Amino acid sequence: MEKILNYINGELVEPTSGNYLDNYNPSNGQVYSLVPDSEESDINNAVLAAKEAFNSWSKTPKQERANILMKLADTIEKYSSELIKAESKDNGKPENLAAHVDIPRAPANIRFFAGAILHDSSQMHEMDGVAINYTLRQPVGVAACISPWNLPLYLLTWKIAPALASGNTVVAKPSEITPMTAFMLSKICIEAGLPKGILNIVHGLGSKIGDPLTTHIDTPIISFTGGTVTGKHIARVTAPMFKKVSLELGGKNPNIIFADADFDKAVSTAARAAFTNQGQICLCGSRLFIQEEIYKKFKIALIEKTKKLKVGDPKEISSNLGAIVSKEHMNKILSKIEEAKKLGGKILIGGKRVILDGELKDGYYIEPTIIEGLSSDCDINQTEIFGPVVSLIPFKTEAEVIDMANSTKYGLSASIFTENISKGHRVAANIDSGVVWINTWLLRDLRIPFGGMKQSGVGREGGFKSLDFFTEPKNICVKI
Ligand code: TXE
C-alpha cells in the first residue's frame, strides 16, 4: 500500500516514530494509502530545516524568488491530470469539480503571489522638511501553514504561496484526512528544484502535532483554515506567545432572495451555493432566506433543480455530488438531519444516505437535502453543518431578513439576489460578513481582502493583505 512521506529539508522522509495512519477513499470506504502519524520530533526537524533555510531565502532577490515559484507552478500544471484524480480519490469530490476548481487554482495561487511581490511597494511619510519615514516590510520567519480537507491543494497553496513569495520559509500541515495532493506537491517541489528547507510538509493528526507546531518558539506566524473550535484553541495557546495569527474559520452563510430577483438565476445559484463540493465549502449558502411573495414558487423550483442533481461515482462526469469526506463527517451530517426533524423541520427532498452499487456500496454519500419549517434561531440554523443541507426560511421585510442573517455567531460570506441596485447595496452594507456577493456566489478575485467577521475568523488574506500578513512592517525615520 502506498506510503505518504513527510517532506523535510528537501527530502521525503518517514515519520520518526515509524507509525502510520490509514488513509481512506471516501468513494468506497476503503483504506488505500498510509499517512505518517508524525510526532513533535518531526515538527522540530521541519522547523529547524525551515529556520536554517530562512537565512538565505529571506535574502534571495524578489525576482529570483518569483522565478522559482513560477517554475513550481509550471511543474504543478504538468501533473494536473494526476492531481485531479488524486484529489477526487482522497476527498470524495467529483473529478469534474477538482478539474475546474481545485487543481487549476494551485498554480494560479502560486503565480499570483509570485507576480504580486514584484509589484508591491511600501509607504513613505514625510514630516514637513524635518524627517522622512519609510516602511520596510520584511519576512517574519518560519510560517506555520495549517490547512483543511475540503479544498486540500487549493487552500494549502493559498497559504504557502504568499508566505514563500514574501521571503518566509514554511512548515505546512495538511489535513490528515486528505494528505495525498500535498504529498504529490512535495515530489513536484523536488522535481522543480525548490531550494531545500524553504517548504516542509509534515503529515499527521492535528491533535498530536498541532500544538507542537503552533506553539513552537521558532514559528512566529501562523495561517490556519479550519473549524471554529480548532481556531479558538489555536488563538488560546498562541496568545501568550504574541504570534501573528490569521484564522479563516467556519460559516453559516445567508443567501437572501428578494421577490424582485432574477428568478432563474437565483434558483440555480442557490442550488450551486448549497451543494457544491457536497456542501463542504466554508462559503456555502446553507441558510436560504426567501421573500414571502415568491417563497412557494421558489421552493418548488429549487426542489425540481435538486431532483436533477446526481449523487454518484466521483469519477463520472455526470456526477454533480460525490462522497462526503469521511465516515465520521457523514454520520455527523446525518445526525444533524435527524435533529432537524426532531425540531419540527420538514425534509422537502433528500435527507438520507445514498448506497451506490457494486464497489462503491460502502462509500459515504448523502442526498442533497432541503429542509423547511425551522425557526431562524434554532441550532440547525445557527451552527455549521458543512454538508449538502440547506434550510429554507421565509421573510417579509428587508429589516427582518438583515436581523435574521446577522443572528449567528459567524460572519464569513453572504449572497443577495435582487434586481434593485439600491437595495442590493443597502443590504450588503448591513450584513455582518467579510464577503457579500450580489447576484452571484463564489466569484473570487484573488486581490480582495478575504476573511470573516465574528467567529468566522481573525484577519484577512488575499492580494496585498496576504503580503502584509506575511511580512513585518519596520519604520525607518531619517532626520533631514
Ligand atoms: O477541522 P479541523 P475538522 C469546519 C466544519 C467541520 C468542522 C470540523 O464545520 O465540520 O470544521 O472539521 C488541524 N492545532 N471546517 O475537525 O480540526 C487539522 O489537522 C493545530 C470548516 O476536520 O479544524 C487540519 O489540518 N492544528 C473549514 C486543520 O486543523 C490542528 C474547513 C483543520 O481541521 C489542531 C474544514 C490543533 N490543535 C472544516 N487540531 C473551513 N473554514 O473551510 C486540528 N488541526
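Predicted model: local features only at pLDDT ≥ 70, side-chain atom pairs only at ≥ 80, totals over all residues.
Altogether, 27 residues surround the ligand. Trp-149, Glu-176, Gly-227, Thr-230 and Glu-384 are the closest of these.

A polar backbone atom of Gly-226 is found 3.2 Å from a nitrogen atom of the ligand, while a polar backbone atom of Gly-227 lies 2.8 Å from one of the ligand's oxygen atoms. On its own, the ligand would expose 800 Å², and the protein buries 85% of that.

Where does the ligand sit? Its place is the largest pocket. Two or more residues of the shell come from each of the helices α7 (206-214), α8 (228-238) and α11 (327-342), and likewise from the strand β11 (221-225). Stepping back to the domains, both domain 1 (2-249 + 456-479) and domain 2 (254-445) give residues to the shell, so the ligand lies between them.

Definitions and conventions
Residues numbered from 1 in each chain as written. Heavy atoms only, no water. Near = heavy atom within 4 Å. Polar contact = N/O pair within 3.5 Å; in protein donor to acceptor, adjacent residues only side chain to side chain. Areas by Shrake-Rupley, 256 points an atom, 1.4 Å probe, with all protein chains shown as cover. 1 Å grid on protein atoms, 1.4 Å probe; cavity = no way out; pocket = protein on both sides within 12 Å on 5 of 7 lines; lining within 4 Å. Sits in = over half its atoms within 2 Å of the grid points. Helix = DSSP H or I, 4+ residues; strand = E, 2+ residues; numbered from the N terminus. Domains from an automatic or database assignment.
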